[in-house]
Amino acid sequence: MIKNTDWWNDFFPTFRSVFYRISKKDTNAQVRYIIKKLNISPGNKFLDCPCGIGRIALPLAGRGIKVTGIDIIPSYLEELGKKAKRQDLMIKLVRNDMRRINFKEEFDAGANLWTSYGYFEKESDNLLVLKKMYQALKPGGKFMLHVINRDWIMANYSPRDWFQAGDIRVLEKRKFDYATSINHSEWCFLKEGKETSHQVIIRMYSYHELIAMFKSVGFVDINGYGTIKDEPISRDTMMMFIIGTKPRKKSDR
Ligand SMILES: C[S@@+](CC[C@H](N)C(=O)[O-])C[C@H]1O[C@@H](n2cnc3c(N)ncnc32)[C@H](O)[C@@H]1O
């Protein structure tokens with residue numbers, strides 16, 4: 001099992017080429033969905049944690065939303081900063097671990113998108129990420145979690161998979177730990193005859209577990225969807241969009 005607990009530091013810089021797997025069309029559709037579901041409009045403050053290379057942060061900022069982006073990989077933040085500058089957009093960027101952010105009631109909405117959740121072996125660390133997002137929201141603020149659905153994984157589990165990302169061939173070997181619900185994978189990236197390999201762990205969650213976790217940190221009005229067409233979550237929907245609201249009244253918290 002994994003030895004490098006901070007696996008993301010080595011993995012994500014190499015993972016960079018995989019961002020191209022999501023088309024502009026799909027990203028734009030997700031952006032429209034986020035705006036609709038989180039009820040955000042120009043001038044609102046939005047926390048994108050983690051923001052990666054700005055797949056979502058840039059188009060949101062382009063629509064007049066005041067975005068703060070958090071990520072742990074310096075090269076991602078640098079790339080995003082340069083793109084924002086070129087597009088004449090203001091995005092506040094902070095390098096931090098998603099467990100360590102410390103905003104208090106600053107944001108109208110926030111999100112953790114594209115399977116950026118469940119990265120920690122300790123369950124309390126994964127829960128901490130939700131707590132920090134909750135803390136960052138203004139009363140009435142909404143949060144979206146967009147993750148892979150454990151029930152779909154179980155129905156479609158494949159111990160090996162490969163795909164091409166530009167000039168890189170990616171091979172993923174997986175092993176599922178049923179005791180912890182953590183998927184352990186080895187990602188091999190092959191480029192110009194050179195191979196690098198990285199260990200990745202992701203705690204997989206079912207919808208009902210995430211509902212309980214959202215409730216435990218204080219979210220209300222929790223709803224989940226399997227697609228951006230608002231289809232219900234089932235073992236046939238690979239992804240989940242789960243949205244919770246921070247209660248307006250202190251007495252409801
Ligand atoms: C799959 S990418 C998704 C990025 C972005 N949310 C998107 O939708 O394009 C996961 C991101 O999590 C970041 N990350 C990994 N571990 C992190 C940590 N401990 N704290 C903050 N960010 C982290 C990575 O650098 C990467 O940008």
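Reader: How do the residues of the shell around the ligand divide into nonpolar, polar and charged?

Author: They divide into 12 nonpolar, 3 polar and 3 charged. Here Ala, Val, Leu, Ile, Met, Phe, Trp, Tyr, Cys and Pro count as nonpolar, Asp, Glu, Lys and Arg as charged, and the others, Gly among them, as polar. The model is predicted: local features need pLDDT of at least 70, side-chain atom pairs count only at pLDDT 80 or more, and totals for chains, interfaces and linings use all residues. Residues are numbered from 1 along each chain as its sequence is written.

Reader: Which residues are the closest to the ligand, and how many surround it?

Author: A residue is near a molecule or strand if its C-beta atom, placed from the backbone, lies within 6 Å of it. The ligand is surrounded by 18 residues, and the closest are Trp8, Pro50, Gly52, Arg55 and Trp114. Pro50 sits in the loop between E1 and helix H3 (57-62). The peptide bond that joins Cys49 and Pro50 is cis, with omega about 0°. Helices (H or I, at least four residues) and strands (E, at least two) are DSSP runs, numbered from the N terminus.

Reader: What is the mean pLDDT of the chain?

Author: pLDDT is the predictor's confidence in each residue, from 0 to 100. Where it is low, the predicted coordinates should not be read in detail. In this chain the mean is 96, and 98% of the residues reach 70 or more. Among the elements, strand E1 (residues 45-48) has the highest mean pLDDT (99) and E6 the lowest (93).

Reader: In what order do the 7 strands of the open sheet stand?

Author: Strands of a sheet pair through backbone hydrogen bonds, either parallel or antiparallel. The working criterion is that DSSP finds at least two bridges between two strands. In this sheet the order is E3-E2-E1-E4-E5-E11-E10, and the pairing is mixed. Strand E3 (91-95) and strand E10 (220-225) are the edge strands, each pairing on one side only. From one strand to the next, the twist averages 15°.

Reader: Which residue is the bridge partner of Asn112 in E5?

Author: Leu145 is the partner of Asn112. The strands concerned, E4 (residues 107-112) and E5 (residues 137-148), run parallel and are joined by 5 bridges. E5 also pairs with E11, in the antiparallel sense, over 7 bridges; there Val147 stands opposite Met240. E11 is joined in turn to E10 by 4 bridges, again antiparallel, with Asn223 opposite Ile243.

Reader: How many residues of E11 are buried?

Author: A residue is buried if 20 or more other C-beta atoms lie within 10 Å of its own, exposed if 12 or fewer, and partly exposed in between, with C-beta atoms placed from the backbone. In E11, 6 of the 7 residues are buried, so the strand is largely enclosed by the rest of the structure. Helix H2 (residues 24-38) lies across E4, E5 and strand E11 (239-245), and runs at about 140° to E5. Such angles run from 0 to 180 degrees between N-to-C directions, the axes being lines fitted to C-alpha atoms, for helices over the stretch in contact.

Reader: What is the order of the open sheet of 4 strands?

Author: The order is E6-E7-E8-E9, with antiparallel pairing. Strand E6 (160-165) and strand E9 (194-203) each have a single partner strand, so one side of each is left without a neighbour in the sheet. The twist averages 20° from one strand to the next. Strand E7 (residues 168-177) is joined to strand E8 (residues 182-191) by 9 bridges, and Arg169 stands opposite Leu190 in E8. Helix H1 (residues 8-15) packs on this sheet, touching E8 and E9, and its direction makes about 120° with that of E9.

Reader: Is Met204 buried or exposed?

Author: Met204 is buried, with 21 other C-beta atoms within 10 Å. Met204 is found in the loop between E9 and helix H7 (207-217). Contact requires C-beta atoms, placed from the backbone, within 7 Å. Leaving aside neighbours within four places in sequence, Met204 is in contact with Gly118, Ile148, Arg150, Ile153, Ser181 and Asn183. Arg203, in strand E9, is also buried, with 21 other C-beta atoms within 10 Å. Under the exclusion of residues up to four places away, Arg203 touches Gly118, Asn126, Ser181 and Ile182.

Reader: What phi does Ser181 have?

Author: Ser181 has a positive phi of about 60° although it is not a glycine. Ser181 lies in the loop between E7 and E8, and counts as partly exposed with 18 C-beta neighbours inside 10 Å. Asn39 is not a glycine either and has a positive phi of about 55°. Asn39 lies in the loop between H2 and E1, and counts as partly exposed with 14 C-beta neighbours inside 10 Å.

Conventions. Contact = placed C-beta atoms within 7 Å.
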